[in-house]
Amino acid sequence: MNDQPKFILYVEGLHIYYEAFHAVKNVSFHVKPGEIFGLLGPNGAGKTSTLSAIEGLIQPQSGNINVAGYNIKDKPLYAKASMGVQLQSTNFQPELTVTEILQLFAGIYGINLTKEALEKILTENNLQESGDKRFGQLSGGQQQRVSLSLCVLHNPRLLLLDEPTTGLDPQSRRQLWERMEAMRENGHGILLTTHSMEEAEAVCDRIAIIDHGQIIAIDAPQTLIDKHRNDPEVIAVSRKGKITLEDVFIGLTGRAVRA
């Protein structure tokens, strides 16, 4: 049996190339049990490539990735079984009900989903009134909560949440934040990508900012704000006098809009 690791996710010296293009350059970070860790960066900064390597979808040219103590190269099945992934948008067959989708995925994971367990999942995800609704009838927030419930169905140690609140209204976004915080309290390690600096500042214990394939800053959100509040580049982009995480992000990565 695998010993309980100090880190749920350990990424060390990650390098990813696409032919001659060096997309990820010596990226290293870790996620602890009971921690929400944010990976932030402009478009094309290397976030998606890093996530794809962690998920085992692409093979990095060098570096090590360990999930719950399992090396993704040496024990890929164990590593993948220890993670749950929620994508930015997920399409299920619209005619299936929420209950049918949960039962389908429970079967895939080999989980005996009792009536009591199903009701608990629906209640925990604020879907108790939606079990018999077809997926295509759900609001965006409800669809994201279904996706999140599937992500944790097999009780993985690591959760990868890729911009989970994109397009949601403030109420739905806050509900998902509360759900993430509850999962953190249960000891899950969470790796979150988001373009919302408000979200990162509100829910993340630590964040890493990646730009041009490299980690350029890593720390607690408030610590990063305090560390960079007097940088000329940060002061120049501040609009309201109070330095925010977004000011620091733009000050470090530049004002240019990325494709």
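Hi everyone, let's start with one atom pair: a polar atom in the side chain of histidine 188 sits 2.7 Å from the backbone oxygen of proline 156. For polar contacts, the criterion is a pair of N or O atoms within 3.5 Å; within protein, one must be able to donate a hydrogen and the other to accept it, and residues adjacent in sequence count only if both atoms are side-chain atoms.

A word on the source: this is a predicted model, where local features need pLDDT of at least 70 and side-chain atom pairs count only at pLDDT 80 or more, while totals for chains, interfaces and linings use all residues. Numbering runs from 1 along each chain as its sequence is written, and side-chain values use heavy atoms, with hydrogens and water left out.

Back to histidine 188. You'll find this residue in the loop between helix H6 (170-185) and strand E8 (189-193); helices (H or I, at least four residues) and strands (E, at least two) are DSSP runs, numbered from the N terminus. Is histidine 188 buried or exposed? Histidine 188 is buried, at a relative accessible area of 8% (buried is under 20%, exposed over 50%, partly exposed in between, with a 1.4 Å probe and protein chains only). Beyond neighbours within four places in sequence, its contacts (heavy atoms within 4.5 Å) include Pro33, Glu35, Arg157 and Met183.

Now the sheet. Four strands form an open, antiparallel sheet in the order E2-E1-E4-E5, where pairing needs at least two DSSP bridges between two strands. Strands E2 (21-31) and E5 (70-71) are at the edges with a single partner strand each, so one side of each has no neighbour in the sheet. Helix H1 (residues 47-54) packs on this sheet and touches E1, E2 and E4. Inside the sheet, E1 (residues 9-18) and E4 (residues 62-67) are joined by five bridges, and histidine 15 has serine 62 as its bridge partner in E4.

There is also a hairpin: E9 and E10 have two residues between them, and histidine 212 in the turn has a positive phi of about 50 degrees. Five bridges link these antiparallel strands, with isoleucine 207 partnered by aspartate 219 of E10.

Finally, the helices. H3 (residues 98-109) packs against H4 (residues 115-124) at about 115 degrees, with axes 11 Å apart; axes are lines fitted to C-alpha atoms over the stretch in contact, and angles run from 0 to 180 degrees between N-to-C directions. Val98, Thr99, Leu102 and Gln103 of H3 meet Leu118, Ile121 and Leu122 of H4.
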